[in-house]
Amino acid sequence: MTNLLITGGRVIDPASGRDGVADVLVLDGRITAIETSSAASAEARQGVSEIRQIDATGLIVSPGFIDPHVSLREPGYEEDESTASGTAAALAGGFTAIAAQTDTSPVLDNRSAAEFVRLQADRARNCRVYPLGAITKQHKGEELAEIGQLVQAGAVGFSDARHPVANSEVMRRALEYTRMFHRPVLHFAMVPELAEGGVMHEGFQSTRLGLRGIPAAAQDIMTGRDIALAELTGGRVHIMCVTTRDSVSRIRHARAIGTSVSCDVAPHHLLLTDEVMERFDTMYKFNPPLRTRDHLEALISGLKDGTITAISADHQPRAIEKKQVELDAAPFGSSGLETALGVCVRALIDPGYLTWPELIARLTVGPASVLGLPHGTLAIGQLADITLIDPAVRWTVDATRFKSAGRNTPFHGMTLTGQVAATIVAGEVRWQRE
Amino acid sequence: MQLSELPVCGPWGEKHLLGLERLTASQLNTVFDLADQLKDLTCDGTERLSLLKGIVVANLFFENSTRTRTSFSLAARRLGADTVDFSASTSSLSKGETFIDTALTIEAMGVDMVVCRHRTPGAPHLLSRHLKAGVLNAGDGTHEHPTQGLLDIYTIRRHRGRIAGLTVALVGDIRHSRVARSNIHGLVKLGARVIVCGPSTLVPQEIRQLGVEVAWSLDDILPEVDCVNLLRVQFERQRGAFFPSITEYANLFGMNGDRIRRARKDLLVLAPGPINRGVELTPEVADGPHSVILDQVSNGLLIRMACLSLLAKERRAGQRGVA
């Protein structure tokens, strides 16, 4: 059924500036009317025989969330995640569209790999999945992947996942070449030799714990280089997972002078700091690593002033046994889709740093504009991708109940406020909380 | 003598010994006082006791070590415990078994205490969360080496009768040294003035926040120092070159006869070993009158006996509590 009437919710659509109680009418999977009086909404639905009504009183009606880079791990790493489980997790986290990261085996660096991602997504029939394509063949950072053919297969952006393109000449050509397809390059900005072997942020805590550090400079230097190359080439670069004060200020300055650079931030970098590493728990092992309070505050001000336009869950699902090893042997990252909203509320809304419309913008229209996707708004005529948020409910994270096959999370057992109540794709309720 | 008759005077209450950072000054003194008692009870370590009769101590060494493992084995046996040795030169991961599974397997054989040496910081902490046995950290990567810290400090205490008010220099590769971290935590708590000294590439600036002073010139600080602890240059833990050559290191930070003559007459020279003769110190110093290097080794045995007894006593108390 693709006819829907969502009544009584607080409709927040950052793209249009709308924020108020209204009814949302969806006909044939598209947003048809948003009315503030029930008389008007009754009139709008006149003549529609079959319609599902959802009472959204007390809920927020938001455009569906969009994540610009999600690791689905299929093909090649099905022990971590599959397209079916990853997209189910996306729905449970309120995401109606995601871009699939290229860290598969074989690497998503060719047309058939991109088409396989879309095929698996169609079979799963959960959220929308847009493939990314690799920047370089096999993520080696040497030769460009067949970017044009990847575009033809539906790639919306280019990324070598966790592999920095260390060679500046290669990155320059990638930015030049992607220009003609109007696609961004999503880069993991990290100087490999400064980060090598590191398991946490370099600073007092790493010194105290004897753990090898990844200095903030490893990200700052590469961010600076990427900005310079974006200026040189006119290409569009998007820095994934900024974590440092200097990277934020470099990006802020570059955007102010018109450089095509954007960036996103992950929820865990907004809530946790490197002090948690004293537990030597591999669930806290991230790359980029959890930083210190001053970096965290810089990220929040970057979100507030629009330097950081997108939030990505930075979903990195891993089979649990891979994390149950020594700290240096464990992989980085967490299964983040299902906790993204709650963690953002805890980090940003509860302390009053961001308003709901500001947070929702970074989860919807922000990432949509990074990837050039026709989603992220509740404009009339748009496909009705909608997330209903229960902003007040308190819930406890239970990783064993994740839809994601990846149960690796630092938030297991944490009580959070704010939960996704339902996720709607093209007017169809694809997920509803129990 | 029974475990319950162990002459412990002072607080303990720890199920595991993971590091000195979490211990208080009085807990540290409890260990030292017990080591003193054990020295008398064993007639300087020559006689065996039966304090740990029926207790099984497993040595889990995931990193090569001859000295520490031998010292722990001997300490356990002097107390009447049974010991089992498990060595794996590399992580058990290479065999497809996780480190935790290896430890659980060994615990299932009826082990009361696990002595763990591992190249990764936090590995013993991980064990302590998964095992019922008491876990004793025998060195976790570049993090801590609590019994080495204890024995270094104990050696100073035996020679000087106190720690408070002394100036102790830790010289060498501070960045990669677990011995340095354990020494710092213990010495600072007991009221010593601690100076860390070494090449600026191997002395992280943030270490000051642990309550120590940083010096880059050994010659500058030498006249003020009561004890100098010469840390081994950890060639195997270094990534890339932190100093231009061994010769230059020995020239700037090596303890030699010239430097000894410019130091205090009663300077104590410690070295946790194994020493690189000619690098951290010259043979003249290693074998000279200021050196207490061999005392450290025999005190190490007493310290490990004290730690094993304290953990065993705590375990007994815990088991009675459950029953």
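Two strands are taken to pair if DSSP finds at least two bridges between them; strands (E, at least two residues) and helices (H or I, at least four) are DSSP runs numbered from the N terminus. The model is predicted, with local features requiring pLDDT of at least 70 and side-chain atom pairs pLDDT 80 or more, while totals for chains, interfaces and linings use all residues. Residues are numbered from 1 along each chain as its sequence is written, and chains are lettered from A and ligands numbered from 1 in the order in which they are written.

Select Val57(B) first: its bridge partner in S3(B) is Met113(B). The open sheet of chain B has 4 strands in the order S2-S1-S3-S4, with parallel pairing.

Next, display the interface between the chains. Here 23 residues of chain B are in contact (C-beta atoms, placed from the backbone, within 7 Å) with 16 residues of chain A. Helices H3 (99-108), H4 (123-130) and H6 (178-189) of chain B each give two or more residues to the side that touches chain A. The largest share, 3 residues, comes from H4(B).

Finally, colour chain A by domain, with bounds from an automatic or database domain assignment: domain 1 (4-61 + 383-432) and domain 2 (65-371). Between these domains of chain A, 29 residues of domain 1 are in contact with 43 residues of domain 2. S17(A) supplies the largest share of the domain 1 side, 7 residues.

Terms used
Two residues are in contact if their C-beta atoms, placed from the backbone, lie within 7 Å.
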